[in-house]
Amino acid sequence: MKTFHNPHHAAHAGQQEMFRGRMVPCHEVPARLDFVLAELARRPLGPLGPPSVEDSALDAAIARVHSARYLAFLASAWDDWVAMDPANAQRDALPSVWPLPSRHGFRSDVLPANFAARLGLFSFDSGSPLTAGSWAAARGGAACALAAAQAVVNGERSAFALTRPPGHHAGPDFLGGYCFLNNAAIAAQALRDAGHAKVAVLDVDYHHGNGTQTIFYERADVLTVSIHGDPTTEYPFFLGHADERGAGEGDGFNLNLPLSRGTGFARWRATLDTALQAVHNFGASALVVPMGLDTFEGDPISGFTLQSADYAVVGAALAGAGLPAVFTFEGGYAVDEVGTNTVNLLEGFQQAT
Ligand code: Q9C
Ligand code: ZN
């Protein structure tokens, strides 16, 4: 398995996130990726290096899933934040005001001149700090996703986009859930554009992949499946219910498999079979796996109870789909174990292939 790692990831380093009325240290920290790199050094899966993709190809691939207005916002966000107040250079940018959906009368068609308002327009939570290096890091991550898709197009059985910030909560024109660019969606679209007629996305992060679902919701060429904590009680709360099946041409091409907080591996594993059956019925020729390790029992912000050894079983089950696969690194906040759990899953996939 080829691994593409993002050399710019550490440029994105938030200080604090808003949680229930106070600021707490960020869970999504650079050390997460370092632990995965360290474990890959101990248990190599194949070649590892930075992505090599042309700037113009990268811009085009990102623009296939994100709006021009959102991308222009992201590209100048840090400079605009500091321009509001030079002292902002020492602070992360976090939103504090949002437009509710348009049925409440708020407008999102007029781009606010005020940056704090613009940040609210393009985000859905106050837990995803935007820092001086966020755009460079997110772009570097998208490059990993694109390179991984290209590797699979060129005949690799699998490839791993090892990057942060994660991506699966980012939608066509919004950030949130620690995510800015949707790496899994960029990979899935790149696979489509390179000739894979049907691509399946199987999201195994603890949190519902709301961004990916929204990006592909009205499309029949990309099946989106997600196994996650029930949004009735779990983040991102406002999407991820079982009755969301897709819309228009995409009706029937989204499958949500929410599970109660506290769910253990037996139940989770059986649910993975349901997900894999849907992927099989769809007839995809390539698979994208947004890989969150926050289903782990020791995860500080999540509620499933998977054990480290379980991830090897997950990897082997995913290999059973018999499809070329791109893995994108998503959540997983038990930092000391995230390397072990990641490599257990990928090694399980590789050994079963
Ligand atoms: N105090 C991903 O796993 N809410 N994002 C956390 C914790 C946000 C998770 C609250 C969770 C976002 C990629
Ligand atoms: Zn997550």
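This is a predicted model: local features need pLDDT of at least 70, side-chain atom pairs count only at pLDDT 80 or more; totals for chains, interfaces and linings use all residues.
**Ground rules.** Residues count from 1 along each chain as written, and chains are lettered from A and ligands numbered from 1 in written order. Local features need pLDDT of at least 70, side-chain atom pairs need 80 or more, totals for chains, interfaces and linings use all residues, and side-chain values use heavy atoms without hydrogens or water.

**Zinc ion (ligand 2).** I looked up its donors (N, O and S atoms within 2.8 Å of the metal, or 3.2 Å for Na, K and Ca; water is not among the atoms, so sites may look incomplete). The protein supplies Asp205 (OD), Asp205 (OD), His207 (ND1) and Asp294 (OD), at 1.9 to 2.8 Å. Their spacing along the chain reads D-x1-H-x86-D. I checked burial next (buried is under 20% relative accessible area, exposed over 50%, partly exposed in between; 1.4 Å probe, protein chains only). Asp205 is buried at 1%, and Asp294 is buried at 0%.

**Ligand 1.** I searched for polar contacts (pairs of N or O atoms within 3.5 Å; within protein, one must be able to donate a hydrogen and the other to accept it, and residues adjacent in sequence count only if both atoms are side-chain atoms). A polar side-chain atom of Tyr333 sits 2.6 Å from a ligand oxygen. For Asp294, the side-chain N or O to ligand oxygen distance is 3.1 Å. His169 has a side-chain N or O atom 3.3 Å from a ligand nitrogen.

**Leu130.** I found this residue buried, at 4%. Its C-alpha is 8.2 Å from that of Ala77, 53 residues away in sequence.
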